[in-house]
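User: I'd like to learn how to read a model like this one, feature by feature. Can you take me through it?

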Amino acid sequence: MFTRIDHVGIAVEDLDASLALYDRDYEMTLVHREVVEEQGVEAVLLDVGENHVELIAPLGPETTVAKFLERRGSGLHHVAYQVTDIAAQLARLKAAGVRLIDEEPRVGIRNSSVAFLHPKSSGGVLTEIVQPSHEGH
Ligand code: CO
């Protein structure tokens with residue numbers, strides 16, 4: 001099962017410009033910043049209580065996030081739910097008929113294991129499941 005909302009992912013053109021809003025105006029604490037090559041993004045995590053906001057900016061024009069920004073502009077990109085056993089959850093969701101983007105977990109921010117579910121079978125919401133690494137969270 002999903003244990004909590006881990007983060008909401010927000011696609012932005014420019015991380016530093018966006019931090020003026022989240023960090024300075026909203027007073028969220030920036031806890032992590034990382035280039036996640038595997039996902040073609042540079043990402044920052046900000047704390048909101050026990051949950052996070054994840055700002056993601058594309059590393060290049062061919063990345064999926066760059067294409068998202070081109071189509072939709074900056075804004076809400078995905079919702080991520082935390083799980084304790086991502087392999088078991090992927091198998092269960094697949095058996096339930098949920099369309100997966102990632103059949104296998106891959107490496108996410110802070111060494112977490114992540115997998116994306118297709119918005120077509122997730123009510124139009126790009127959905128991520130996350131199993132944090134031991135050093136994260
Ligand atoms: Co995410």
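User: Where is glutamine 39 found, and is it buried or exposed?

Analyst: Glutamine 39 is found in the loop between E2 and E3. Helices (H or I, at least four residues) and strands (E, at least two) are DSSP runs, numbered from the N terminus. Buried means under 20% relative accessible area, exposed over 50%, and partly exposed in between, with a 1.4 Å probe and protein chains only. Glutamine 39 has a relative accessible area of 18%, so it is buried. Before we go on: this is a predicted model, so local features need pLDDT of at least 70 and side-chain atom pairs count only at pLDDT 80 or more, while totals for chains, interfaces and linings use all residues. Residues are numbered from 1 along each chain as its sequence is written, and side-chain values use heavy atoms, with hydrogens and water left out.

User: Which residues is glutamine 39 in contact with, leaving aside its neighbours within four places in sequence?

Analyst: Contact means heavy atoms within 4.5 Å. With those sequence neighbours set aside, glutamine 39 is in contact with Arg106, Val107, Gly108, Val114 and Phe116. Arginine 106 has a bridge partner in E7, valine 114.

User: How do E6 and E7 pair?

Analyst: Strands of a sheet pair through backbone hydrogen bonds, either parallel or antiparallel. Two strands count as paired here if DSSP finds at least two bridges between them. E6 and E7 pair in the antiparallel sense over two bridges. They form a hairpin with five residues between them, and arginine 110 in the turn has a positive phi of about 55°. On to the next strand: E7 and E8 pair in the antiparallel sense over five bridges, with leucine 117 opposite threonine 127 in E8. Four of the five residues of E7 are buried, so E7 is largely enclosed by the rest of the structure.

User: In what order do the eight strands form the sheet?

Analyst: The open sheet runs E2-E3-E4-E1-E5-E8-E7-E6, and the pairing is mixed. Strand E2 (29–36) and strand E6 (106–107) stand at the edges with a single partner strand each, so one side of each has no neighbour in the sheet. For a parallel case, take strand E5 (residues 75–82) and E8, which pair over four bridges. There valine 79 stands opposite threonine 127 in E8.

User: Now the helices. Which residues of H1 are buried?

Analyst: An α-helix has 3.6 residues a turn, so residues three or four places apart point the same way. In helix H1 (residues 15–25), the buried ones are Leu15, Ser18, Leu19 and Tyr22. Looking down the axis of H1, they fall within an arc of 110° (taken from the directions from the helix axis to the C-beta atoms), so they line one face of the helix. They pack against E1, E2, E3 and E4. The face turned away carries the exposed residues Asp16, Ala17 and Arg24.

User: And what covers the buried residues of H2?

Analyst: The buried residues in helix H2 (residues 64–72) are Val65, Ala66, Phe68 and Leu69. Their arc around the axis is only 160°, which puts them on the same side of H2. Their cover includes E1, strand E3 (41–48), strand E4 (51–58) and E5. Turned away from that side are the exposed residues Thr64, Glu70 and Arg71. After H2 comes glycine 73, with a positive phi near 80°.

User: Last one: which protein donors does the cobalt ion have?

Analyst: Donors are N, O and S atoms within 2.8 Å of the metal (3.2 Å for Na, K and Ca), and water is not among the atoms, so sites may look incomplete. The cobalt ion has His7 (NE2), Glu54 (OE), His78 (NE2) and Glu128 (OE), lying 2.1 to 2.2 Å from it. Histidine 7 lies in strand E1 (residues 4–11) and glutamate 128 in strand E8 (residues 127–131), so this pair ties together parts 121 residues apart in sequence. Both histidine 7 and glutamate 128 are buried. Along the chain, the donors follow the spacing H-x46-E-x23-H-x49-E.
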